[in-house]
Amino acid sequence: MQLYLPIADIPVNVFLILAMGAAVGFVSGMFGIGGGFLMTPLLIFVGIAPAVAVASVASHIAASSFSGALSYWRRRAIDPTLALVLLSGGIVGTALGVFVFTLLRNLGQLDLLIALSYVILLSTVGGLMFWEGLRAMLRIRRGENIPLRRSGSHGWIHGLPLKMRFKRSKIYLSVIPIVVTGLVIGFIGAVMGIGGSFILIPIMIYWLRIPTSTVIGTSMVLTLVTMVFATLLHAVTNHLVDAVLALILMVGGVTGAQFGARAGQKIRGEHLRLLLGLLILAVGIRFAIELVIRPEDLFTIRETGGAG
Amino acid sequence: MTLRAALATVVAAVALGAGALTPARAERLIVSVSNHRVTVTPNYSGEELVLFGSVERDDKTPARTGNYDLVVTVSGPRADLVTRRKERRFGIWINTDSRQFLQVPAYLAVFANRPIDAIAPPDLARRQQLGLNNVLLTQRVGTDYADVVATDPFRSAFVRLRTEHGLYREATSAVTFLTPTLFRTGIPLPAEVPIGTYDIEIKLFADGALVAKSETAFDIVKVGFEQFIANAARNHGFIYGVLTAAMALMTGWMASVVFRRD
């Protein structure tokens with residue numbers, strides 16, 4: 001069934017978009033991530049202008065992370081204090097990111113920056129995750145005990161001032177690294193057009209050593225707020241949010257996310273990390289190939305002022 | 001009496017002179033397009049319009065030795081576009097050079113009954129902007145604004161890419177003469193059609209010279225729901241954003257209720 005999108009100005013197949021939303025939703029529900037890094041390239045591939053894709057995906061991520069956050073909230077798996085501290089950094093980071101985004105777009109090298117940061121971030125995070133998952137799996141196969149990653153966990157982060165007690169996470173931690181984390185994720189998210197939870201979750205687990213029980217729910221709150229903020233910002237400044245496209249994506253996404261979350265609970269943690277690592281790595285490599293291989297067409301056309 | 005006779009002669013001479021000065025009446029073009037208002041509805045996925053018309057002659061029109069030739073140029077709403085070229089630097093392909101095309105038609109189609117170079121000599125074709133190679137595409141070259149030769153790599157890449165998307169086209173056998181004076185041509189509109197006013201310029205040639213021209217236009221508009229959404233997004237960005245965000249939250253909430261397990 002063909003449907004004409006009022007802002008993207010092209011007709012699309014509703015079932016194709018719905019299926020894409022569901023597939024990405026499944027992945028995001030399974031791993032507890034937003035899935036923007038998959039959705040945005042997919043939409044661009046279907047022929048939607050990059051700027052419209054980035055803007056509309058923001059509202060799609062807001063929907064799926066809200067649905068996720070609600071169910072985590074019912075299970076008391078969200079730390080509200082921690083979320084607030086993260087958000088204070090996140091909002092500032094997002095605003096900074098949008099500012100840099102506009103600046104780079106005027107310089108004409110935004111595409112390169114986005115492609116390079118996709119390659120570097122995705123391959124690093126994906127590679128690390130894959131490696132870590134693989135090691136954990138091998139250790140279990142050899143029958144070794146998984147060392148509690150608490151040894152030496154009292155690093156320099158725990159020596160920082162301005163400590164605060166986060167009751168639900170049962171940790172006592174300085175707010176400085178948390179605010180900085182929020183800032184960085186907000187900044188990266190705004191520049192790259194992604195939610196950033198696939199970077200946030202590893203940081204929270206391995207660097208801040210926040211218990212896994214509250215990590216995913218709390219990171220969803222950060223994603224939710226920054227994406228709502230991003231939707232508003234895109235709607236006000238560029239007028240490029242396609243509500244019809246967003247609605248189709250959301251319906252597919254939230255449905256897929258529910259099934260993904262169920263599937264995710266049946267898979268063991270290290271297998272999940274291995275799979276997610278592979279997925280992220282694959283997207284990163286795809287972007288790398290695009291940069292290295294001689295493009296089929298050396299020329300591209302863009303509407304000035306329109307697409308990023 | 002002689003005076004009156006002289007006056008009559010003058011009057012007659014003036015009348016005769018005037019008659020001689022009036023050029024022989026040229027052909028007139030009467031054209032119409034099948035639809036002056038193309039509406040983009042939810043199930044729009046491209047359309048084809050038909051332009052038809054006839055060449056009107058009367059007894060004063062000079063006789064033509066050959067057949068008529070016709071060139072139809074359809075140009076859509078104008079936009080600023082930039083063409084970028086990638087080059088290999090430090091092992092990766094990046095955009096290095098770019099050219100800006102200023103106020104060029106977002107849609108451009110040229111239809112004729114036979115190849116342009118057979119219709120008019122090169123200088124006339126250039127002057128009348130016949131064919132994609134001769135249409136004026138203004139570029140910003142440094143501080144100057146100018147069009148360049150058709151073989152310029154940026155210009156030809158621009159035309160080629162637009163053609164691949166069905167937004168630019170040149171069909172030199174699209175115009176068909178049903179009778180020596182009655183003609184028609186189809187105007188295919190792609191799915192990704194730009195919204196706006198489309199000007200159609202019809203030029204009639206005979207023996208390699210321009211003998212008549214006419215203009216008409218059609219509009220491509222969004223109606224109903226599409227128009228409502230597009231207007232809301234453009235004119236009430238903040239409210240539109242709030243509503244979209246609210247819609248996202250509603251969808252998320254509904255999903256969590258529908259799929260609630262505990």
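Two strands count as paired here if DSSP finds at least two bridges between them. Keep that handy for the tour. The model is predicted, so local features need pLDDT of at least 70 and side-chain atom pairs count only at pLDDT 80 or more, while totals for chains, interfaces and linings use all residues. Residues are numbered from 1 along each chain as its sequence is written, and chains are lettered from A, with ligands numbered from 1, in the order in which they are written.

**Stop 1: where the chains meet**

Select A:Arg302 and look across to B:Val82 in β5(B), which stands opposite. Strands (E, at least two residues) and helices (H or I, at least four) are DSSP runs numbered from the N terminus. Now widen the selection to β5(A) and to β5 of chain B, residues 78–89: the two pair in the antiparallel sense over 5 bridges.

Next, colour the whole contact, counting residues whose C-beta atoms, placed from the backbone, lie within 7 Å. You'll pick up 48 residues from chain A and 50 from chain B. On the chain A side, β1 (2–4), α3 (50–74), α5 (110–141), α8, α9 (243–266), α10 (269–292) and β5 (299–303) each supply at least two residues. That side of chain A divides into 29 nonpolar, 13 polar and 6 charged residues. Ala, Val, Leu, Ile, Met, Phe, Trp, Tyr, Cys and Pro count as nonpolar, Asp, Glu, Lys and Arg as charged, and the others, Gly among them, as polar.

**Stop 2: a helix pair in chain A**

Stay in chain A and select α7 (197–207) and α8 (212–237), which pack at an angle of about 145° with their axes 10 Å apart. Axes are lines fitted to C-alpha atoms, for helices over the stretch in contact, and angles run from 0 to 180 degrees between N-to-C directions. Show side chains: A:Leu200, A:Ile201 and A:Met204 are among the α7(A) residues that meet α8(A), where the partners include A:Val215, A:Ile216 and A:Leu222.

**Stop 3**

Over in chain B, 6 strands form an open sheet with mixed pairing, in the order β2-β14-β13-β4-β7-β10. Strands β2 (37–40) and β10 (168–171) of chain B stand at the edges with a single partner each, so one side of each has no neighbour in the sheet. From one strand to the next, the twist averages 15°. Zoom in on β7 of chain B (108–112), which runs parallel to β10(B) and is joined to it by 4 bridges. There, B:Phe111 stands opposite B:Ala171.

**Last stop: domains**

Which domains does the assignment give chain B? Colour domain 1 (26–221) and domain 2 (223–254), whose bounds come from an automatic or database domain assignment. Their C-alpha centres lie 37 Å apart.

Definitions and conventions. Contact = placed C-beta atoms within 7 Å.
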